Amino acid sequence: MSSRATLRDHAGVELVRIERLAKHQREISFRLSTHRNDNQRLIMDEAEAHRAFAREVAASLQDPVVLELIESGALPA
């Protein structure tokens, strides 16, 4: 069984909490995805996931392509 919840979504960057039940043990990971380089990362530590999210949002807000998508309404600000 698996569940997913979006924790944060800003400037084309999304942080999702993924919880899986495996062999009577709960596994929690965090998926960070971005439009800036169409990449996804899986992070196991929640604090690191939030720091990575903040860094990626800052980088995205400096990217001309992402800024154009935000200005056009294709991505939420």
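This is a short chat about a predicted model of one protein chain.

Student: What helices and strands are there in the chain?
Tutor: The chain has two helices and four strands.

Student: In what order do the elements run from the N terminus on?
Tutor: The order is β-β-β-β-α-α.

Student: OK, what does the C-alpha trace span along its principal axes?
Tutor: The C-alpha trace spans about 45 × 20 × 15 Å.

Student: And how many of the residues count as buried?
Tutor: The chain has 77 residues, and 31% of them count as buried.

Student: Let's pick one residue. Where is the place of Ser 60?
Tutor: Ser 60 lies in helix α1, which covers residues 46-60.

Student: Is Ser 60 buried or exposed?
Tutor: Ser 60 is buried, because its relative accessible area is 0%, and the cut-off for buried is under 20%.

Student: Which residues does Ser 60 touch, not counting those up to four places away in sequence?
Tutor: Ser 60 touches Ala 11, Val 13, Thr 34, Arg 36 and Val 66.

Student: Back to the whole chain. Among contacts between residues at least 6 apart in sequence, what share join residues at least 24 apart?
Tutor: That share is 27%.

Student: What about the accessible surface of the chain?
Tutor: The accessible surface comes to about 5,200 Å². Carbon and sulfur atoms account for 49% of that surface.

Student: Last topic, charges. How many positive and negative ones are there?
Tutor: The chain has 11 positive and 12 negative charges.

Student: And how far apart are their mean positions?
Tutor: The mean positions of the positive and negative charges are 9 Å apart.

Note on methods. Residues numbered from 1 in each chain as written. Predicted model: local features only at pLDDT ≥ 70, side-chain atom pairs only at ≥ 80, totals over all residues. Heavy atoms only, no water. Buried < 20%, exposed > 50% of the residue type's maximum accessible area, 1.4 Å probe, protein only. Contact = heavy atoms within 4.5 Å. Areas by Shrake-Rupley, 256 points an atom, 1.4 Å probe, with all protein chains shown as cover. Lys, Arg positive; Asp, Glu negative; His and termini not counted. Charge placed at Lys NZ, Arg CZ, Asp CG, Glu CD.
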